[in-house]
Amino acid sequence: MKFNQNTAALPLAGLLFAPFTLAAREVPPNLKEFYNKVQSAGDCKGENLLGGGFYDDDKKDPSFGYCNKFMENKGFYLKGPGNKFANMDIDCDGQEKDAKDRCGGDDDTQYETRYKEEVQKMGIPDLDTYIHPYVVLGNERKDGKATFLPEKEGIEPLSVVAVVCNDRLVYGVWGDTNGDDGDPLVGEASLAMADMCFGEKYSADSGYSEQDVLYIAFSGEEAVPGKNAAWDAKSYEEFEQSLQDLGDTLFSGSSNNSNGDFSSGSGSGNKVCSANKSKRSGARAEKLARRQKASQRRA
């Protein structure tokens, strides 16, 4: 996948975090430009390659890794060789509803996610692959194969992750890690993430195989939605929408200075995001009030 557009050329270091207005979940112009620039930059190597030697499919090509090129210490993304990014295999860990449905073919299901204890602090037993669009990042191994720990790069558990897929931008959270079984993999997400990207067409034993999905993780505690997210949502649309304010802020809250480094941004572009944020926050407050009234009636 490559985006065709006529956006004005932006400095590479400023592409990702330039202010934007999100419309109908379309990929904003600056993110399209960032996608194309990273794609055409080729292999990630040297100091930009935070961790390499990973596969996006069993026993095919260990040339995938975690890259921070152009991110200026704001996080990282998954990058494959040449113009490739990653695919999207399906992770069914967490609250699985029915072993006979789309998770029935997953022999690797753990029935709990890596950060279950953190999730429980949000008021639910665990992440639900059908409800929460989460991404699998990090490779914790004891067998000597490739290992990568996102926390060492400042990525917090349950922080927001942006996913560019099928000409769409979807916000999710970092909710699980890869374990010791099989080859060290990248490019895996929940059913909810796949559904939001491609529709309800994939399952545990049949994921999205094209290597054009861009996963972006953001560093810092400010990337963690905490209890501002609708963890008890009844649909993946509801949960993803609850991450949108923070996701927009992570993109629009920084700008590049004359040295090409990032600093706090307060330009006029942020006003558009702030206006959208106010509208969404008002709607969410109404929804929360209705939910609280319903809980009081049940009590």
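## Worked exercises: salt bridges, a cavity and strands

At a relative accessibility of 28%, Glu 140 counts as partly exposed, a class between buried (under 20% relative accessible area) and exposed (over 50%), computed with a 1.4 Å probe on protein chains only. The model is a predicted one, in which local features need pLDDT of at least 70 and side-chain atom pairs count only at pLDDT 80 or more, while totals for chains, interfaces and linings use all residues. Residues are numbered from 1 along each chain as its sequence is written, and side-chain values use heavy atoms, leaving out hydrogens and water.

**Exercise 1.** Find the salt-bridge partner of Glu 140 and say where the two residues sit.

*Solution.* 
- Step 1: start with the idea. Side chains of opposite charge can pair when their charged atoms come close.
- Step 2: apply the cut-off. A salt bridge needs a side-chain nitrogen of Lys or Arg within 4 Å of a carboxyl oxygen of Asp or Glu. By this rule the model has 5 salt bridges.
- Step 3: pick out the pair. Glu 140 meets Arg 114, with 2.9 Å from N to O. This pair links distant parts of the chain, 26 residues apart: Arg 114 lies in the loop between E4 and H3, and Glu 140 in the loop between strand E5 (134-139) and strand E6 (160-165). The element names come from DSSP runs, numbered from the N terminus: helices (H or I) have at least four residues and strands (E) at least two.
- Step 4: check the partner's surface. Arg 114 is partly exposed, at 39% relative accessibility.

**Exercise 2.** How much space lies in the largest cavity, and which residues line it?

*Solution.* 
- Step 1: recall the idea. Rolling a probe the size of a water molecule over the atoms shows where empty space is left.
- Step 2: set the rule. On a 1 Å grid over the protein atoms alone, a cavity is a set of points where a 1.4 Å probe fits but cannot get out, and lining residues have an atom within 4 Å of a point. Points are joined across faces, edges and corners, and the volume is the space filled by probe spheres set on them.
- Step 3: count and size. There is 1 cavity of 30 Å³ or more, and the largest cavity holds about 30 Å³.
- Step 4: list the lining. Tyr 115, Gly 138, Asn 139, Glu 140, Phe 148, Leu 149, Pro 150, Glu 151, Trp 174 and Thr 177 line the largest cavity.
- Step 5: sort the lining. The residues divide into 5 nonpolar, 3 polar and 2 charged. Here Ala, Val, Leu, Ile, Met, Phe, Trp, Tyr, Cys and Pro are nonpolar, Asp, Glu, Lys and Arg are charged, and the others, Gly among them, are polar.

**Exercise 3.** Which way do the side chains of E6 point, and with which strands does E6 pair?

*Solution.* 
- Step 1: in a regular strand the side chains alternate between the two faces of the sheet.
- Step 2: Val 160, Ala 162 and Val 164 point one way from E6, while Val 161, Val 163 and Cys 165 point the other way. Of the 6 residues in E6, 6 are buried.
- Step 3: two strands pair if DSSP finds at least two bridges between them. E6 and E7 run antiparallel and share 6 bridges, with Ala 162 opposite Tyr 171.
- Step 4: E6 also pairs with strand E9 (residues 208-218), antiparallel over 4 bridges. Here Val 161 stands opposite Ala 217.

Conventions. 1 Å grid on protein atoms, 1.4 Å probe; cavity = no way out; pocket = protein on both sides within 12 Å on 5 of 7 lines; lining within 4 Å.
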